[in-house]
Amino acid sequence: MSVLNVLRYPDPLLKKVCKEVTKFDNELQTFVANFTETMYHYKFCVGLASSQVGRLDRLITIDVSKARRPQPGHGLLVLINPELIHTSDFKIVREGCLSIPDFTANVKRAMKIKLRYQDTNGESKELEAENFEAHAIQHEMDHLDGILFLDKITNPAADLFRRVKH
Ligand SMILES: [Zn+2]
């Protein structure tokens with residue numbers, strides 16, 4: 001397995017709309033193995049979208065148990081062609097992104113979601129998520145449409161924050 005290179009803003013691939021995955025073959029399984037390894041390679045990284053490693057497929061991975069303060073959820077998730085079918089309980093939350101390492105931002109997210117997706121074998125499934133996990137899934141799903149948190153803030157002076165370097 002190998003760690004993939006993570007693209008950084010303003011790489012143009014981060015602004016592309018990803019395509020639906022239709023082939024659930026060995027090549028996809030190998031990609032998923034490298035992709036999840038890449039997420040785990042970065043300390044406290046809780047999610048990645050495939051466009052962040054330059055592959056324009058509708059595929060994300062999430063694991064909120066790896067947050068700085070571990071969060072309840074489903075553990076490792078690989079969500080292919082994810083689609084939100086329910087959102088509720090909207091809140092303003094602070095988020096960051098491996099592709100925009102110098103900033104965090106306040107963004108409005110649903111704290112309760114339900115989604116439909118396919119697993120790595122192409123099987124259709126449904127999943128309910130809440131709070132931090134729901135928020136992380138929405139962030140990664142935005143990547144699939146070329147949307148970054150920078151696109152969601154209306155008032156940078158109030159809602160964009162420079163990360164404190166340690
Ligand atoms: Zn991101």
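Colleague: Which residue in β5 stands opposite K114?

Modeller: In this predicted model, the residue opposite K114 is E128 in β5.

Colleague: What makes β4 and β5 a pair of strands?

Modeller: Two strands pair if DSSP finds at least two bridges between them. Seven bridges join β4 to β5, which covers residues 124-130, and therefore the two strands count as paired. They run antiparallel.

Colleague: What do β4 and β5 form, and which residue in the turn has a positive phi?

Modeller: The two strands form a hairpin, with five residues between them. In its turn, G122 has a positive phi of about 90°.

Colleague: Why is α2 described as largely enclosed by the rest of the structure?

Modeller: The description rests on burial, for which a residue needs 20 or more other C-beta atoms within 10 Å of its own. Twelve of the 14 residues of α2 are buried, so the helix is largely enclosed by the rest of the structure. Among these buried residues are F132, A136, I137 and L144. The buried residues of α2 pack against β1, β2, β3, β4 and β5.

Colleague: Which residues have the most contacts inside the largest nonpolar core?

Modeller: They are I60, I62, A136 and I137, in a core of 23 residues. At least two residues of this core come from each of α1, β1, β2, β3, β4 and α2. The element that gives the most is α2, with six residues. Leaving out residues up to four places away in sequence, I60 touches several others, including G47, L79, E140 and L144.

Colleague: How does the reach of α1 stand against the expected value?

Modeller: The 16 residues of α1 reach 23 Å from the first C-alpha to the last, close to the 22 Å expected at 1.5 Å a residue. For α2, with 14 residues, the reach is 21 Å, close to the expected 20 Å.

Colleague: Is L14 buried or exposed?

Modeller: The cut-off for a buried residue is 20 or more other C-beta atoms within 10 Å. L14 has 20 such atoms, and therefore counts as buried. This residue is found in the segment before α1. Beyond its neighbours within four places in sequence, L14 is in contact with L7, Y9, S51, Q52, S99, G146 and L148. The C-alpha atoms of L14 and L56 are separated by 9.0 Å, although the two residues are 42 residues apart along the chain.

Colleague: How do you know whether the radius of gyration agrees with that of a compact globule?

Modeller: For 166 residues, a compact globule would have a radius of gyration near 15 Å; the chain has 15 Å, so the two agree. Its C-alpha trace spans about 45 × 35 × 30 Å along the principal axes. Of the contacts with a separation of 6 or more, 65% are between residues 24 or more positions apart.

Methods: Residues are numbered from 1 along each chain as its sequence is written. This is a predicted model: local features need pLDDT of at least 70, side-chain atom pairs count only at pLDDT 80 or more; totals for chains, interfaces and linings use all residues. A nonpolar core is a set of buried Ala, Val, Leu, Ile, Met, Phe, Trp, Tyr and Cys residues joined through C-beta atoms within 7 Å. Helices (H or I, at least four residues) and strands (E, at least two) are DSSP runs, numbered from the N terminus. Two residues are in contact if their C-beta atoms, placed from the backbone, lie within 7 Å. The expected span of a helix is 1.5 Å times one less than its number of residues. The radius of gyration is taken over C-alpha atoms; the globule rule is 2.2 Å times the number of residues to the power 0.38.
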